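Me: I would like to go through this chain step by step, with each reply ending on the value or name I ask for. Please keep to what can be read from the model itself.

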Amino acid sequence: MPAPPISSRRDFLGAAGAWGASMMAGLASADSVPLAPPDKQPVDVAIPEKPEKTVGWAIVGLGKLALEEILPAFGRSRLSRVTALVSGHPDKAKKVGEVYGVPDSGIYNYETYDRLADNPDVDAIYIVLPNSMHAEYTIRGFKAKKHLLCEKPMAANVAECEAMIAAGREAGRKLMIAYRLRYEPFNKKVIELCRSEELGPIQSFSASNCQVVEAPNIRLSGELAGGPLGDIGVYCLNAARYCLDAEPIEVSAFAHQPETDPRFREVPAAVSFAMKFPGGVLATCDCSFNASESRRYRVQCQKGFIDLENAFSYEGQILTVASEKRRAQLQIAPVDHFAAEMDHFSECILGGNEPRTPGEEGLKDMKVMAAIETAAKSGRVERVCS
Ligand code: NAD
């Protein structure tokens, strides 16, 4: 038997009677609604405005962080553009310069670094070098009269941090430490929740930041000021301080340096530490270079808790807020941490404001880390020097 003919749209609607007729009337007017966007573009397209002024940046040290995170972030930043590169490897710097539109005249090495002073296209310098080099290159950058953003940990010790702050003051230029989590919305939301005391007063804080580090790596070198505490433990410590909005008074700590593993000849594999805050709030933290990746914290309040999973990662934060009655996962649009951090500093430079994480913030962490290192050696509770 031949297949029945497929009805046309008109036949089908006609068969529907009076109801069909009114539908047809509706469809007739619907037909006049334009379906393709007018002017061949979405009606709600947001056309970016060119900012009046932007800030030119020099990136110092073209290692993993600079190449994989910081330089790509310029594509997502509003006020920051890369205008110079500093590297000990001229071929690499030239290649990277070609990708990001940095002219040959904007390429420097560690000997010619000070000539940044003569480059009017550079307003800010971002130090992305091994920790032992942060102080020297920050201070030299201030001598070149530039503003400085320095990676964490701020430096190798307290004296270096103090010298960096003093150099910034003397030059009349700004110093910011690259605590990127203070510029991304999940950690900012946690801070807001903590300050609101919606879940009652904070009773304790716990954090863990772990990853496996294989040799060779700057993180395993004592001379380059590596080690898990400054590299990843500092995130736990900094988060405890920003969640509690307080400074620890006393610390105790253990460090584990396995003699059988050659990776840990110069730095510990793991450090665990406890901090006592005013009013008796306790924080317990651990960091390891020999445990599978896991980065999280929990703020334990009297009437609930706040959990941030992947708290210290570049992306993938999961924020859970639990009270006695309900548990909710908050949906927040993520941002590029490095673009947000650099744009904050650019905004401060353009507007003459102080950054949210100035050198003093890095110094506070360094003082606590000094006490943690002493406690791990002495086996005693140590006071944090103020
Ligand atoms: P990396 O080893 O990949 O890069 C270090 C760069 O420094 C390389 O380009 C290297 O050539 C250069 N360098 C110059 N002199 C050197 C020397 N004497 N020895 C070794 N390298 C030398 O390291 P990275 O992971 O890019 O880390 C760089 C800095 O960034 C560190 O301070 C680290 O703590 C920080 N960091 C921060 C984050 C963050 O999320 N904010 C993430 C990773 C690293």
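Me: Where is the place of Lys40 in the chain?

Reply: This is a predicted model, and the reply should be read with that in mind. Lys40 has a relative accessibility of 82%, and because exposed means over 50%, Lys40 counts as exposed. The place of Lys40 is in the loop between H2 and S1.

Me: What is the phi of Asp39, which is found in the loop between helix H2 (17-31) and S1?

Reply: Most residues other than glycine have a negative phi. Asp39, found in the loop between helix H2 (17-31) and S1, counts as exposed at 70% relative accessibility. Lys40 is not a glycine either, and has a positive phi of about 55°. For Asp39 the value is also positive, with phi near 55°.

Me: Which strands stand at the edges of the open sheet of six strands?

Reply: Strands of a sheet pair through backbone hydrogen bonds, either parallel or antiparallel. In this open sheet the pairing is parallel, and the order of the six strands is S3-S2-S1-S4-S5-S6. The edge strands pair on one side only, and they are strand S3 (107-108) and strand S6 (175-177).

Me: How many bridges join S1 to S2?

Reply: In the order S3-S2-S1-S4-S5-S6, S1 stands between S2 and S4. With S4 (residues 124-127), strand S1 (residues 55-60) pairs in the parallel sense over four bridges, and Ala58 stands opposite Ile125 in S4. On the S2 side, Gly56 has Arg81 as its bridge partner. S1 and S2 run parallel, and the number of bridges that join them is six.

Me: Is strand S2 (residues 80-86) largely enclosed or largely open, and how many of its seven residues are buried?

Reply: A residue is buried when its relative accessible area is under 20%. Strand S2 is largely enclosed by the rest of the structure, because the count of buried residues among its seven is six.

Me: Which strands stand at the edges of the sheet that nine strands form?

Reply: The nine strands form an open sheet with mixed pairing, in the order S14-S13-S12-S11-S7-S10-S9-S8-S15. Each edge strand has a single partner strand, so one side of each is left without a neighbour in the sheet; these strands are S14 (327-330) and S15 (382-383).

Me: Which residue in S10 is the bridge partner of Ala274?

Reply: Strand S9 (residues 270-276) and strand S10 (residues 282-288) pair in the antiparallel sense, and seven bridges link them. In S10, the bridge partner of Ala274 is Thr284.

Me: Which residues is Ala167 in contact with, leaving aside its neighbours within four places in sequence?

Reply: Ala167 lies in helix H6 (residues 158-171). Its relative accessibility is 14%, and Ala167 therefore counts as buried. Once the neighbours within four places in sequence are left aside, Ala167 is in contact with Ile139 and Phe142.

Me: What is the omega of the cis peptide bond that joins Lys152 and Pro153?

Reply: Most peptide bonds are trans. Pro153 is found in the loop between strand S5 (147-150) and H6. The bond that joins Lys152 and Pro153 is cis, and its omega is about -15°.

Me: What is the omega of the peptide bond from Ala215 to Pro216?

Reply: Pro216 has its place in the loop between strand S7 (202-212) and helix H8 (228-244). The peptide bond from Ala215 to Pro216 is cis, with omega near -5°.

Me: What share of the contacts with a separation of 6 or more comes from residues 24 or more positions apart?

Reply: Of the 386 residues in the chain, 47% are buried. Among the contacts with a separation of 6 or more, the share from residues 24 or more positions apart is 68%.

Terms used
Residues are numbered from 1 along each chain as its sequence is written. This is a predicted model: local features need pLDDT of at least 70, side-chain atom pairs count only at pLDDT 80 or more; totals for chains, interfaces and linings use all residues. Side-chain values use heavy atoms; hydrogens and water are left out. Buried means under 20% relative accessible area, exposed over 50%, partly exposed in between (1.4 Å probe, protein chains only). Contact means heavy atoms within 4.5 Å. Two strands pair if DSSP finds at least two bridges between them. Helices (H or I, at least four residues) and strands (E, at least two) are DSSP runs, numbered from the N terminus.
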